Amino acid sequence: MKQPEELRFVDRVVIVTGAGAGLGRAYALLFASRGASVVVNDLGGSRHGDGKSTKSADSVVNEIKKNGGKAVANYDSVLDGEKIVKTAIDAFGRIDVVVNNAGILRDRSFAKMSEADWDLVQSVHLKGAFKVTQAAWPYFVKQNYGRVIMTASNSGLYGNFGQANYSAAKMGLIGLSNTLAIEGRKRNIHTNVIIPTAGSRLTEDILPPEFFEQLKPELIAPVVVWLCHEKCMENGSVIESALGWAGKCHVVRSSGSTLRQDLSSNVTPEDVEKKWSAVTDMSAAKHFDSLEEVTGQFMVAVDTMKSGNSENSGLEDSSVLRYTYNYRDIILYALGVGASVKIPADFRYLYENDSNFAVFPTFYTTFDAMSATDISILEKSLPNVELNPMKLLHGEQYIEIHKELPTEATVEIRFKVVDVLDKGKSAVFVLQNETFDTSNGEKLSTGQMILFIAGAGGFQGKRSSSKIIPIIDAPDRQPDASVTQQTSHDQAALYRLSGDKNPLHIDSNVSMMAGFKQPILHGLCSLGFSVRHVLQTYANGDQNLFKAVKTRFVKPVVPGQTLQTNMWQEGNRIHFQTSTVEGNLPVLTGGYVDLKRTVSMQPIMKHLSGSESLESDVLFKMMDEYAKANPEQVKQINGIFLYHILVKGKPEATWTLDMKKGEVYRGNPKSGKPDATLTLEDADMMQIALGKLTPQMAFMQGKIKITGNIMLTQKLTSLITASRSKL
């Protein structure tokens, strides 16, 4: 088996405080063995904070140098953090990692603890970490990189007799880390907490000898070193480690309970007593990732109280689903509905570092599928009828997007059955949902599912509903456009990973029990294909132009079959019908996509093919117009860019984008050197301008060559996008 590549710290400079013995020594030795230059800080005092000596730090430095490593000693107090950081800068010219490890103990029962006992422990642990980290922070910001470790303790998490001062300081370090993780995130500065249980001078006469011997600091050091490596993306976490084990710790909160009926009522102690069991019930406890998310939960509660529907309900109930997603889920879904890197319009949904990275709008229909698996929601609306989940069919789907969808979020989806119909042999449920961003309480989408359960009808209910969003038949003429795409034989296996894990779509035994010869494709997967085809054809692949979609599922698709989406345009509404090519059978009917506006490619190309010698000349002139009209905005780009435009490999034009002066003109820069030079074909420049080719894809395919400050060129995206809207 191939061994993993060794994690190295070459050219990295690490400060370890309290590194003269125990954990700090283990950290310093391991960092140095991996190529880091180490500042070994130790005041040389006792575990109670008394005295001072250079012996401890010097001993570790000598040990590192003896093993071929690089290290210098520092004997300052952590309260003189700027002096410790200055040692790193003077000796090695930079600072990359700070491990706040220094600590002391002054154990006293709370009643007997002196103010000096309190202040000294707080100063060394909490203020010392603050002083050293703050001194290093400007260097981290300037170099756009930094790693910080705070050292907390189980005494902080759980308390410990005689350690009120120590426990408070250690819990304070967790709060400090939480905030630094937020403030440093955009600058690639990661802050994490280690909670070690290891033998040290602080615990050598507290723990039993046989147990003390097993708590080797060398078993903790690899965890800290990994957290400080540039490959580690952990940020804002609390990691506990002991005996060669490590685990992540979280603060969690119960679902709680609303204590008043609505916003006009008050809360009495008796109300609290009545709801206390629900307030303290931890069976459905949840971890929150941010203060904004907690605030968002309270906003949801306020919304619930506005409706006067808070009786016997907390912030969660059986009709509420919470789901956290990130770029992996977005990309997995896009692949599940047929997106491909070979299709330029799809690239924004497949690469998290693309400047236009976005959520494909029908991704939010996966939440509907998750809710449909909870048959209890339907049973509450029809309590006297037995419902067989094996006979549940998805009949129709609607979703409307209200705001730009975040590329990572925790969302809350609230479901309710708004109507139940009796169709004789079947029961029909009209299930409405709303999705909210828990970080700010904003509504992101509204959806509606029509669900059929065979064999559940005949309960003498009504047969029609005014609450169903209707399907609309396509115009009676030949389609205006058509897109054909084959699904993969593994399409259902891939799509189910986005949340709908119904075995009907992968297990042949289950599909045969349901009346199908083989597993079938999810209807929502076919819908995703169809909406992609519509956006490619009428919106240049831009998800921001999507407003809503409605369709009816009429026939199943077998993975591997080819889908053909026929489209008819009527203003901003695009009617569509999707069929399988193999059997020429409609699978989605009555469908339409409402767009905010449409993009017609033909007029754009006609305009770009006017009297200019090159097609890209029009684009550069439009960028010049935009730069002159928006001087403050373009000056934020703050760079000079030189474009060499080719035609069949031969240079045909040179353009300068001087974003320091807000000018775009043909020729070389009038003054100064370009920050970046870009060379590409005229045709590829236009593909980028039209959004059919992303700059990142062009670069990876070798269609665009860049010299100079490559990262700065990413700022041009806003200028090109703004000019595109004028084309």
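Contacts between residues 24 or more positions apart account for 70% of the chain's contacts with a separation of 6 or more in this predicted model. The chain holds 23 helices and 25 strands, and buried residues make up 49% of its 727 residues.

Buried positions in α3 are G81, I84, V85, T87, A88 and I89. The cover over these buried residues includes strands β1 (13–16), β2 (37–41) and β3 (70–74), together with helix α4 (115–143). Just after α3 comes G93, which takes a positive phi of about 85 degrees.

A second region of interest is a pair of packed helices further along the chain. Two packed helices are described by the angle between their axes and the distance between the axes. For α18 (residues 615–629) and α20 (residues 682–689), the angle is about 45 degrees and the axes are 8 Å apart. The angle makes α18 oblique to α20, and the crossing of the two helices is left-handed. On the α18 side, the contact is made by E615, S616, L619, F620 and M623, while α20 contributes D682, M685, M686 and A689.

Terms used: Residues are numbered from 1 along each chain as its sequence is written. This is a predicted model: local features need pLDDT of at least 70, side-chain atom pairs count only at pLDDT 80 or more; totals for chains, interfaces and linings use all residues. Side-chain values use heavy atoms; hydrogens and water are left out. Axes are lines fitted to C-alpha atoms, for helices over the stretch in contact, and angles run from 0 to 180 degrees between N-to-C directions. Helices (H or I, at least four residues) and strands (E, at least two) are DSSP runs, numbered from the N terminus. Angles under 35 degrees count as roughly parallel, over 145 as roughly antiparallel, 65 to 115 as roughly perpendicular and the rest as oblique. A crossing is left-handed if the near helix is turned anticlockwise from the far one by less than a right angle, and right-handed if clockwise. Contact means heavy atoms within 4.5 Å. Buried means under 20% relative accessible area, exposed over 50%, partly exposed in between (1.4 Å probe, protein chains only).
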